[in-house]
Amino acid sequence: IDAIGAFVGQECRGIAYPDTTQNGKLFLTISSNTQSGENITFKAWRSNLCDECPVFGNMPFVSQSNIGSLSNPVDFHCGNVELCNNFGAGYTWFSVNINPGSMNLNSLFNNLTPCENDRIIGQQSFATYYGNQWVGSLTMIDPKAMYKMKLCSQQNWCKQGLPVSIQPISIVSGYPWIGYLPQVNLPLNMALANISPLPTANDRINGQYAFATFSGTQWVGSL
C-alpha cells in the first residue's frame, strides 16, 4: 500500500503515506467542518497494480480525537482479514464482523470441536450441536447481532474473510443483543457517538465482563 485516504462520501478529507523510518506507520490527519456525526471511510492506493482498494476500518468522525499510537497503531486492512475468538468453557459472548463466504453455523464454525448438546444462543433463537452438526432455529449468524457460545471446553477459533460493511443497527428498548461491525477498537463514546435519539441517563451497555452507564452526556464505567 502506497497511500491511505480518508473520505466522507466521495470527498477526500485527508491522505497519508507510509513512513519507512517508522516501519510503515501512517500519520493521517482528518478534517471536517462539523464536531461529529460524519462517517469516515478509507481507501488505499497500490501503485504496483495501479488500483484503488477499499480499506475496511470505517469510524465516526469526532473532533480532536486520537486513534492509535506509536506503540499500539490501528491496522488498516485491504482485502481479507482474520477474526480470532477465544471461546472458553461455558458461555462466551461474541459477534462476527467478517464474512468468509457463508454465515451458516456449520460452515462458519467447522473448525470447532463441540460436544453433544453444546449451544449457540441468539436473542430469539438457538442451535444445539447434535449428530456432528448444529441444528435448531438459529441457522445463520447476523453480524449486527450478538450471540452466546456454550462449549464443553476452551477452544480458539479463527476465520478469514472480507470485513462486513458498516451499516445501521436498530437498537430497541430493553436489552437488545448488538454486534460490533468495525475492524478497529474504538473508545466507547466515539463508537456510540451517532446513536439517535440520544440515550437517557442511566441507560447501560453491558459486555461480558464490563459495563458502562450513560450519565446524560457521556458513557462512563468499566467498559
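Which residue in strand 9 is the bridge partner of isoleucine 121? Hold that thought for a second, and keep in mind that what we're looking at today is a predicted model.

Okay, the partner is phenylalanine 126, over in strand 9. That pair belongs to a stretch where strand 8, residues 119–121, and strand 9, residues 126–130, run antiparallel and are joined by three bridges. The two strands make a hairpin, and there are four residues between them.

Now keep going along the chain. Strand 9 also pairs with strand 10, residues 133–136, again in the antiparallel sense, and here there are four bridges. Then look at asparagine 132, found in the loop between strand 9 and strand 10. Asparagine 132 has a positive phi too, near 70 degrees, and that's in a residue other than glycine. And is asparagine 132 buried or exposed? With a relative accessibility of 67%, asparagine 132 counts as exposed.

There's another asparagine to flag while we're on backbone angles. Asparagine 117 has phi near 80 degrees, again a positive value in a residue that isn't glycine. You'll find asparagine 117 in the loop between helix 1 and strand 8.

How many disulfides does the model have? The count comes to two. As a quick reminder, a disulfide is a covalent bond between the sulfur atoms of two cysteines.

One of them joins cysteine 84 to cysteine 158, with 2.0 Å from S to S. The link between cysteine 84 and cysteine 158 is right-handed, with 115 degrees about the S-S bond. Cysteine 84 lies in strand 5, residues 81–87, and cysteine 158 lies in strand 12, residues 155–163, so this pair ties together parts that are 74 residues apart in sequence. For anyone thinking about accessibility, cysteine 84 is partly exposed at a relative accessible area of 40%, and cysteine 158 counts as partly exposed at 31%.

The other disulfide joins cysteine 115 to cysteine 152, and the S to S distance is 2.0 Å. This link is right-handed as well, with 65 degrees about the S-S bond. The pair links distant parts of the chain, 37 residues apart: cysteine 115 is in the loop between helix 1, 105–108, and strand 8, while cysteine 152 is in the loop between strand 11, 147–151, and strand 12. Cysteine 115 has a relative accessible area of 33%, which makes it partly exposed, and cysteine 152 is partly exposed at 35%.

Cysteine 12 counts as partly exposed, with 43% relative accessibility. Cysteine 50 is exposed, with a relative accessible area of 58%.

What is the strand order in the open sheet of three strands? The order is 5-12-7, and the pairing is antiparallel. Strand 5 and strand 7, the latter being 98–99, stand at the edges with a single partner strand each, so one side of each is left without a neighbour in the sheet. Strand 7 pairs with strand 12 over two bridges, in the antiparallel sense. In strand 12, leucine 162 is the bridge partner of asparagine 99.

Strand 4 supplies the largest share, four residues.

One last thing before I stop. There's a cis peptide bond between serine 196 and proline 197, with omega at about -5 degrees. Proline 197 is in the loop between helix 2, 188–191, and strand 13, 204–206.

Key: Residues numbered from 1 in each chain as written. Predicted model: local features only at pLDDT ≥ 70, side-chain atom pairs only at ≥ 80, totals over all residues. Heavy atoms only, no water. Pairing = 2+ DSSP bridges. Disulfide = S-S within 2.5 Å. Buried < 20%, exposed > 50% of the residue type's maximum accessible area, 1.4 Å probe, protein only.
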